[in-house]
Amino acid sequence: MEDFLLLETIEKYLSNQMDAQEKAAFELVRKNTPEIDQMVVEHAMFLQQINEYSAIKSIKQTLTQTHQNLLERGEISNSENVSSSAKIVQLFHKYKRVASIAASIGGVIALFISGLALYLSPVSHSNQIQQLSNDIAAIKKSQQYQGKLINEVKSKLPAGVKFISGGSGFLIDAKGFIVTNAHVIKGTGTIVVDNTGKEYVAEIALLDKEKDLAILKINDADFTSKKSLPYSIRKSTTDLGEEIFTLGYPRNEIVYGTGYLSARSGYEGDSLSYQLQMSANPGNSGAPVFDNAGEVIGVLSTREAQLEGVVFALKSNNIYKVVNDYNASNDGGKDIKISTRSNISRMSRKNQIATLESCVYYVKSFDK
Amino acid sequence: MKATSNEQALLKGLASNDSAIIEQLYKENFSTIQAFILANNGSYDDARDVFQEAMIALYEKAQSGSFVLTCQIKTYIYSVCRRLWLKKLQQLGRYAQPVDNLEETIAVEDDLEQHAKHDAAFAIMDRALKSLGEPCKSLLEGYYLQKMDMQALASEFGYTNADNAKNQKYKCLMRLKKLFFAQYNIGE
């Protein structure tokens with residue numbers, strides 16, 4: 001109880017609420033008792049700290065609020081592709097008119113010349129890049145294995161369906177959400193096969209042909225969702241030369257491949273993709289690309305047809321974009337939550353693969 | 001470059017937590033920082049965090065009355081953000097040779113050292129308050145942060161009178177001080 005009183009007195013003293021007589025008396029006590037003097041100093045310091053804390057806390061609130069306000073009014077952008085700085089914006093406003101006139105003249109000339117070039121040039125080669133999905137109808141897999149699969153599938157699917165495309169996919173949410181390429185899904189229904197050969201029916205939750213990404217949701221009573229995923233998905237871009245590896249299904253069995261990141265943009269400067277140096281085959285489409293720490297940095301999607309080992313992968317931040325689209329359009333259902341922590345970063349590669357294997361699926365798309 | 005009187009006014013506004021001025025500073029500077037971070041392996045979230053931390057560092061400087069800015073606010077914020085982000089990249093073990101947008105920078109290492117100290121004290125106080133539990137946390141926040149008087153606090157928390165609330169407050173305060181100084185001394 002005495003401690004309280006002492007503290008109260010000190011606080012009163014420090015906040016100048018004492019009258020002159022009281023103050024003089026207290027200062028005398030303070031002078032004669034080193035312990036009390038020390039307590040006063042300590043408390044003054046504490047009060048300063050808590051005031052500073054209070055001030056910084058409120059400025060943090062103001063900053064968060066300001067950010068929100070500006071974002072809502074569109075005065076700042078939350079896009080990942082801002083390349084202009086404020087200075088450039090100013091220049092832009094200043095020279096907008098001149099620039100637009102110049103641009104339109106340039107545009108007309110460019111159109112004219114490219115039209116001319118098109119008219120005069122020989123017919124160009126088609127198919128410079130090749131999507132890596134499996135055209136199942138075209139690729140004859142071993143008769144025996146296919147027979148076995150179809151028997152198994154019959155129990156889950158309506159009769160008379162025909163597989164028309166396939167590729168790989170991987171979990172982005174332990175609840176059973178899988179990401180793959182949109183071009184893997186050519187049919188109207190899908191099933192996914194895990195690394196042990198078990199099949200699950202999946203529905204197409206979202207198809208974004210522009211970004212070439214699709215989200216599937218496993219909709220099967222046999223599927224038991226995992227507790228959490230061992231890997232995270234990177235939001236930022238990756239450095240040139242980063243060593244990478246992938247797991248996918250160019251055949252009926254999971255296949256591991258390695259390589260490195262060779263360019264920050266994809267085919268003909270496509271800024272949504274990376275260029276990778278690695279070997280990939282039809283069926284690898286939709287496979288995850290991991291960095292050494294086991295973080296997903298991209299989705300394998302296409303390769304250059306004429307050059308061996310030049311492969312393109314969609315950057316992983318596109319996954320966040322389609323997931324946001326899905327969550328925005330999905331009212332009532334469960335939102336997708338992407339894990340941001342990778343817990344396999346310190347493992348050896350073999351252990352990483354053993355952990356990741358069960359999260360990568362063989363995706364097959366069928367039509368009635 | 002010497003700070004103009006207009007810039008001094010902005011700093012004063014920041015120091016007094018004036019939301020209109022903070023908004024102006026935000027609007028004028030955020031996109032430059034965003035462009036810098038995005039060009040250097042960062043994301044939008046990184047840009048927001050780094051920018052807000054720089055604003056807090058500037059706020060701390062503006063708070064100490066003697067502070068006179070020796071360059072434009074824009075340059076100061078850019079320099080702080082650049083330093084903070086390079087440090088972060090280094091911690092992540094990632095490539096850290098920045099693409100500069102030909103912006104001038106000034107040395108801010110000493111200021112950032114100061115800021116790191118403030119930041120550590122803030123974190124300790126935050127942890128101490130959080131581990132205090134209720135109703136102590138809200139009571140002390142009400143008194144020291146929202147500056148409510150004892151009478152208002154008593155009625156808000158349902159104490160029968162201000163004296164009881166005051167007793168409770170001092171009990172809580174002693175626990176908070178103990179928690180705070182247990183870590184703060186180590187930090188110093």
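**Exercise 1. The barrel of chain A**

In what order do the 6 strands of the barrel in chain A close?

*Solution.* Start with the ground rules. This is a predicted model, in which local features need pLDDT of at least 70, side-chain atom pairs count only at pLDDT 80 or more, and totals for chains, interfaces and linings use all residues. Residues are numbered from 1 along each chain as its sequence is written, and chains are lettered from A and ligands numbered from 1 in the order in which they are written.

Helices (H or I, at least four residues) and strands (E, at least two) are DSSP runs, numbered from the N terminus. Two strands pair if DSSP finds at least two bridges between them.

Now trace the barrel. The order is 2-3-6-5-4-13, with antiparallel pairing. On average, neighbouring strands of this sheet are turned by 40 degrees against each other, direction ignored. Take one pair: 5 bridges link strand 4 (residues 189–193) of chain A and strand 13 (residues 360–367) of chain A, in the antiparallel sense. Within strand 13 of chain A, Ser365(A) stands opposite Thr190(A).

**Exercise 2. A helix across strands**

Find the strands that helix 6 of chain A lies across.

*Solution.* Locate helix 6 at residues 317–329 of chain A. Axes are lines fitted to C-alpha atoms, for helices over the stretch in contact, and angles run from 0 to 180 degrees between N-to-C directions.

**Exercise 3. Where the chains touch**

How many residues does each chain bring to the contact?

*Solution.* Chain A gives 34 residues and chain B gives 38 residues. Contact between two residues requires C-beta atoms, placed from the backbone, within 7 Å. On the chain A side, helix 1 (2–14) and helix 3 (34–72) of chain A are the elements that give two or more residues. Helix 3 of chain A supplies the largest share, 17 residues. For the complex, the predictor gives an ipTM of 0.83 and a pTM of 0.52.

**Exercise 4. Backbone exceptions in chain B**

Is Asn41(B) buried or exposed? Compare the setting of Asn17(B).

*Solution.* Most residues other than glycine have a negative phi, and most peptide bonds are trans.

Asn17(B) has a positive phi near 55 degrees. Asn17(B) sits in the loop between helix 1 (5–15) and helix 2 (19–39) of chain B. Asn17(B) is partly exposed because 15 C-beta neighbours lie inside 10 Å.

Asn41(B) has a positive phi near 70 degrees. The loop between helix 2 and helix 3 of chain B holds Asn41(B). Asn41(B) is buried because 20 other C-beta atoms lie within 10 Å. The cut-offs are 20 or more other C-beta atoms within 10 Å for buried, 12 or fewer for exposed, and partly exposed in between, with C-beta atoms placed from the backbone.
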